[in-house]
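Here is a short briefing on one protein chain. Keep the sequence and the 3D view open as you read.

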Amino acid sequence: MTNPRIHAIIVKYLWTISFLLVTVFLVFSVCPAGQFKVYRVTDGDTITVRDGSVEKIIRLVGIDAPEVSHKKRETGQPFSQQPTKYLAGLVLNQTVEIKEYGQDRYGRTLGVVLATGKSVNLEMVKAGYAEVYRGNPAAGFDSCSLLESGAGNESGEKGDVGSGGKIR
């Protein structure tokens, strides 16, 4: 038989630990993880985000947009400015949620960017400003929804910038 005083102390600690665990669970379920503010759009498939003092470069996983040149006197790939401007219109200075899929060979975080509940990656393909990435997919990433939308945009016209399609 245990001492009633020791039993009361154990019960008190168990209730305290249970209360703390429930509180931690509620705090993390109310505050969505992976939310960041977009403060820079590098090109049509890369953004830079911040969460307080944490800064991340995000490469939109599963898509490929024409590259912008970051050197003076170089123009970059054809049609590179339009995807960059379109992406900026979707996310610049907005709070977005990021679902991460590891890092690429340059150390950028591969991620699906969600703005107002919609996949920005998918929106870029639908609008014709990006194509589905043809390389090896990121571990755990399923590109089926991107592939289905890559056949055309909402109006049914070809919108693949990689094949000389429509640019708005």
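From the N terminus on, the elements run α-β-β-β-β-α-β-β-β-α-β-α. That comes to 4 helices and 8 strands. Helices (H or I, at least four residues) and strands (E, at least two) are DSSP runs, numbered from the N terminus. This is a predicted model: local features need pLDDT of at least 70, side-chain atom pairs count only at pLDDT 80 or more, and totals for chains, interfaces and linings use all residues. Residues are numbered from 1 along each chain as its sequence is written, and side-chain values use heavy atoms, with hydrogens and water left out.

**The chain as a whole**

- The protein chain has 168 residues, and 36% of them count as buried. Buried means under 20% relative accessible area, exposed means over 50%, and partly exposed is in between (1.4 Å probe, protein chains only).
- The accessible surface comes to about 11000 Å². Carbon and sulfur atoms hold 58% of that surface. Accessible areas come from the Shrake-Rupley method with a 1.4 Å probe; for residues, only the protein chains shown count as cover.
- Take the contacts between residues at least 6 apart in sequence: 56% of these join residues at least 24 apart. Contact means heavy atoms within 4.5 Å.

- V49 is in strand β2 (residues 46–51). V49 is buried, with a relative accessible area of 0%.
- Leaving out residues up to four places away in sequence, V49 touches several residues, including F36, V38, Y39, V54, I58 and I98.
- V49 and T95 are 46 residues apart in sequence. In space, their C-alpha atoms are 8.9 Å apart.
- T109 lies in strand β6 (residues 109–115). T109 is buried too, at 7% relative accessibility.
- Neighbours within four places in sequence aside, T109 is in contact with K56, I57, I58, R59, E100, G102 and Q103.

**Aromatic rings**

- How many aromatic pairs are there? The count comes to 2. Rings of Phe, Tyr and Trp (its six-membered ring) pair if their centres lie within 6.5 Å; planes under 30 degrees apart count as stacked, over 60 as edge-to-face and the rest as tilted.
- Y101 and F141 form an edge-to-face pair. Their centres are 5.3 Å apart, with 75 degrees between the planes.
- This pair links distant parts of the chain, 40 residues apart. Y101 is in strand β5 (residues 95–103). F141 is in the loop between β8 (131–132) and α4 (144–149).
- Y101 is buried at 16% relative accessible area, and F141 is buried at 14%.

**Charges over rings**

- The charged end of R50 sits over the ring of Y39, 3.8 Å from its centre. A charge sits over a ring if NZ of Lys or CZ of Arg is within 6 Å of the ring centre and within 35 degrees of the ring normal.
- The charged end of R59 sits over the ring of Y133, 5.9 Å from its centre.

**Salt bridges**

- The whole structure holds 6 salt bridges. A salt bridge is a side-chain nitrogen of Lys or Arg within 4 Å of a carboxyl oxygen of Asp or Glu.
- E55 bridges to R50, with the closest N and O atoms 3.4 Å apart. E55 is partly exposed at 45% relative accessibility, and R50 is partly exposed at 40%.
- E100 and K56 meet in a salt bridge of 2.4 Å, N to O. E100 lies in strand β5 and K56 in strand β3 (residues 54–60), so the pair ties together parts that are 44 residues apart in sequence. E100 is partly exposed, with a relative accessible area of 40%.
- R59 and D64 form a salt bridge of 3.7 Å, N to O. Is R59 buried or exposed? R59 is buried, at 9% relative accessible area. D64 is partly exposed, at 25%.
- A network of salt bridges links D45, R59 and D64.

**A nonpolar patch**

- I6, I10 and L14 make a nonpolar surface patch of about 280 Å². Patches are made of residues with over 30% relative accessible area and no salt bridge: like charges are joined within 9 Å, nonpolar side chains (Val, Leu, Ile, Met, Phe, Trp, Tyr) within 5 Å.
- I10 lies in helix α1 (residues 4–30). I10 counts as partly exposed, at 46% relative accessibility.
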